[in-house]
Amino acid sequence: MSYSPPPRARSGPRRRTLLASLAGAGALLTGCSAGSSPAERAASAATRARARAARDSADLLARYDAVLDAHPALADRLSPLRAAVAAHRDAFGGTPAKDSKAQKSPSPVPTASADRKEALTSLASAERTVADRRAAALVEVPGELARLMASVSAAGSAHAYLLTEAAK
C-alpha cells in the first residue's frame with residue numbers, strides 16, 4: 001500500500017485569482033485615469049495616424065523634388081507621380097504651403113544621387129517603405145481613414161513598381 005501525503009492546504013488567494021484581480025484593477029485604473037472614452041481614444045489614434053500619413057507624403061514630395069532638381073530630364077516620368085503624392089498629402093490634411101512653422105519637427109532636406117538609376121531606386125525604396133507603413137497602420141484606424149490609407153498604400157506600391165522599372 002502506498003502512502004500519499006496529505007493535500008497541502010493553500011493559504012491565501014490562488015495565483016489565477018490574483019492575476020485576474022490585477023488585470024481588472026489595471027483596466028479600471030486605465031479607464032479612470034485616461035479620462036477619455038474608447039471612441040475618444042480611437043479618434044486620437046486616427047488623428048495621429050492621419051498626421052503621420054500627411055508628414056510621410058510631405059517627405060516623399062521633398063524626395064521627388066530633390067530627384068527632379070538633380071535630374072530634370074525625368075520630369076515627364078516623375079511629375080504625374082509627384083502630383084499624386086501631393087494629392088495624398090492634401091487628402092490626409094497636409095498643407096501645400098512650405099511653411100516651417102506648420103511642421104513640428106522639420107525633416108532634413110533630402111538630396112538625390114547624381115546617378116539617375118540610384119536616385120530612382122532610392123525614391124522607389126522610400127515609396128515602398130511608406131506604403132508598407134500605411135498598410136501596417138490599417139488595423140489601428142477607423143473605417144473611412146483605413147480605406148483612404150489602403151488606397152494610398154496601393155498607389156505607393158504602384159509608384160514603387162513604376163520607379164523600379166524606370167531605374168532599369
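In which helix does His88 lie? I looked this up in a predicted model, where local features need pLDDT of at least 70 and side-chain atom pairs count only at pLDDT 80 or more, while totals for chains, interfaces and linings use all residues. Residues are numbered from 1 along each chain as its sequence is written, and side-chain values use heavy atoms, with hydrogens and water left out.

**His88.** I find His88 in helix H3, helices being DSSP runs of H or I with at least four residues, numbered from the N terminus. I note that His88 is buried, with a relative accessible area of 15%, where buried means under 20% relative accessible area with a 1.4 Å probe and protein chains only. Leaving aside neighbours within four places in sequence, I list Ser57, Val152, Ala155 and His159 in contact with His88 (heavy atoms within 4.5 Å).

**Helix H5.** I read 25 residues in H5 and a reach of 36 Å from its first C-alpha to its last, close to the 36 Å expected at 1.5 Å a residue (1.5 Å times one less than the number of residues). Among the buried residues of H5 I noted Val152, His159 and Leu163.

**Nonpolar core.** I took a core as buried Ala, Val, Leu, Ile, Met, Phe, Trp, Tyr and Cys residues joined through side-chain atoms within 4.5 Å. In the largest one, of 19 residues, Tyr64, Val67, Leu78, Leu120, Leu123 and Leu163 touch the most other members. Helices H2 (38–70), H3 (75–91), H4 (116–137) and H5 (143–167) each give two or more residues to this core, and H4 supplies the largest share, six residues.

Terms used:
Buried means under 20% relative accessible area, exposed over 50%, partly exposed in between (1.4 Å probe, protein chains only).
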